[in-house]
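Reader: Could you walk me through this one, starting with the ligand and then moving outwards to the rest of the chain?

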Amino acid sequence: MIKKFLLKLSFIVFLLVNSVFAQSKINPDSIKTKMQWFADAKLGIFIHWGIYSVKGIDESWSFYNKKISHSDYMAQLKGFTASKYNPEEWAALIKESGAKYAVMTTKHHDGVALWNTKQKHYSMVKNSPAKRDLLTPFYAALDKQGIKKGAYFSLIDWSYPDYPGFTKDSTRYKVSDDPARWQRFLSFNQAQIDEVNKTFKPDLWWFDGDWEHSAEEWKTPSIRQNILKIKPEAILNGRLQGYGDYDTPEQNFPVTRPKFNWWELCMTINNNWGYQPQDTAWKTPYEIIAIFADAISNGGNMLLDIGPKEDGTIPEQEVHVLKELGKWNKKHAEAIFSTVGGLPQGHFYGPTTLSKDSTVLYLFLPGKVAGNIMVKGLKNTIKTIRVVGTSRKLEPKVVGKISWSPIPGLVFINVPEDVQDEYMTVLALELDKPLSLYQGQGGLK
Ligand code: GLC
């Protein structure tokens, strides 16, 4: 009896130590190193490609919300051809946009795998006329372009017979009522994650749907461990009930700087993730650029979504946005990539970034600003002001500097109309030494 108890106790202690160890594996120094490419990347392209593009309806949610029956939804499999799919062209477009990583839906909440899964479940290979693995050639094309590979993977699988959730008002069972059935689902799901991990070795995992179960139920610590066992440097997004590496605000724009070390705004170009021809609420290239500049100014990334059609063509409005964004990124690369978030609010009316050593301050001028712009609280001396991507230089004028006061004057910079970028002009202020700011309330302090 006592022996049994001791055995049990030591097992529990073993489990506890193990899980603490698992968490402490997220050591702050090594995570910083691991996250560096992501922090420098700034831009990723999200791809929602699935059978929902056949009818042009909400990805998975359309049957969950009962806008369409599950069988009619799944019948879209028969219309998914990928007949014009050109992964090299996709990768080239992603490269042209300036993005450094791409995240592809390997499986959405509808459960349809885009690769040749060995598990007994839907796949484009077995169940659609596309009849092939869509991920292998895409990830190979990304590799060729030097773009990091991201795998979106939905933890939720509303089509799997052992998954509890099905539609908004029908559930197959409760986990607590049938833990063995839930375990069958978990084993299946983990097997699919392992397949993707072993076959494609994603640099980044973009999990989704964690809200339906707790970390304990999903076993997210072991999902994390299993991935890192095979690829220790992989980055995991935050939708793992506390076991991810970075935060993922979705469609909503932070106003104050998020507190997380790493975050990524995921956003659609119109209002939907997948291809929906009736949705013509296209954001313009300028709007996308303004949002992107705002995200990087606040230390974040942007993951911009495209929704290809069932045949693999990308809607022309999305191609247009990616190309225009790419043009702007190319011209202003030094102000965007490998920079860090800029000035705290209050110093400049617009987004800013800083070189890593904080000796170059980049000012983004939204809305075709010309005339005098103002920077407050800059203690540094400005050595030079360059209009990024051009050979033009501008002059600062410091006003209101009182000789006896340590508080810096205001910097005005006159921006002539003829230096304006077609979308957003960026100025580089080269400073005498690393950035130093005055953040007081005026007066004598
Ligand atoms: C949400 C939705 C999903 C979409 C994802 C992208 O979690 O459930 O449909 O793929 O956001 O961020």
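Reader: What is the make-up of the shell around the ligand, in terms of nonpolar, polar and charged residues?

Author: This is a predicted model, and in it the shell around the ligand divides into seven nonpolar, three polar and four charged residues. In all, 14 residues surround the ligand, and the closest of them are His48, Glu59, Trp61, His108 and Asp208.

Reader: Switching to helices, how does the length of helix 9 compare with what its residue count predicts?

Author: Helix 9 covers residues 179–200, and because its 22 residues should span 32 Å at 1.5 Å a residue, the 31 Å between its end C-alpha atoms agrees with expectation. Just after helix 9, Lys201 takes a positive phi of about 45 degrees.

Reader: Which residues of helix 9 are buried, and what covers them?

Author: The buried residues of helix 9 include Trp182, Phe185, Leu186, Phe188 and Phe200, and among them are also Asn189, Gln190, Gln192, Glu195 and Asn197. Their cover includes strand 2 (101–107), strand 3 (148–154) and strand 6 (204–208), together with helix 8 (135–145), helix 10 (215–218) and helix 11 (220–230).

Reader: What about helix 12, how far does it reach?

Author: Helix 12, residues 285–297, has 13 residues and reaches 18 Å from its first C-alpha to its last, which is close to the 18 Å expected at 1.5 Å a residue. Its buried residues include Pro285, Ile288, Ile289, Ile291, Phe292 and Ile296, and just after the helix Gly299 takes a positive phi of about 80 degrees.

Reader: Now Lys401, where is it, and why does it count as partly exposed?

Author: Lys401 is in the loop between strand 16 (396–399) and strand 17 (410–415). It counts as partly exposed because its relative accessibility is 43%, and that class lies between the cut-offs of 20% and 50%.

Reader: What does Lys401 touch, leaving aside its neighbours within four places in sequence?

Author: With those neighbours left aside, Lys401 is in contact with Pro406, Ile407, Pro408 and Gly409. Its side chain also reaches the backbone oxygen of Ser405 at 2.4 Å, while the C-alpha atoms of Lys401 and Val411, ten residues apart along the chain, are separated by 9.7 Å.

Reader: Is Gly443 buried or exposed, and where does it lie?

Author: Gly443 lies in the segment after strand 18 (425–431), and it counts as exposed because its relative accessibility is 65%. Gly443 is 38 residues from Ser405 in sequence, yet their C-alpha atoms are 9.3 Å apart in space.

Reader: To finish, what can you say about the chain as a whole, such as how many helices and strands it has?

Author: The chain has 14 helices and 18 strands, and 53% of its 445 residues count as buried. Among contacts between residues at least 6 apart in sequence, 70% join residues at least 24 apart. Its C-alpha atoms fill a box of roughly 80 × 65 × 40 Å along the principal axes.

Notes: Residues numbered from 1 in each chain as written. Heavy atoms only, no water. Near = heavy atom within 4 Å. Nonpolar A, V, L, I, M, F, W, Y, C, P; charged D, E, K, R; others polar. Helix = DSSP H or I, 4+ residues; strand = E, 2+ residues; numbered from the N terminus. Expected span 1.5 Å × (residues − 1). Buried < 20%, exposed > 50% of the residue type's maximum accessible area, 1.4 Å probe, protein only. Contact = heavy atoms within 4.5 Å. Polar contact = N/O pair within 3.5 Å; in protein donor to acceptor, adjacent residues only side chain to side chain.
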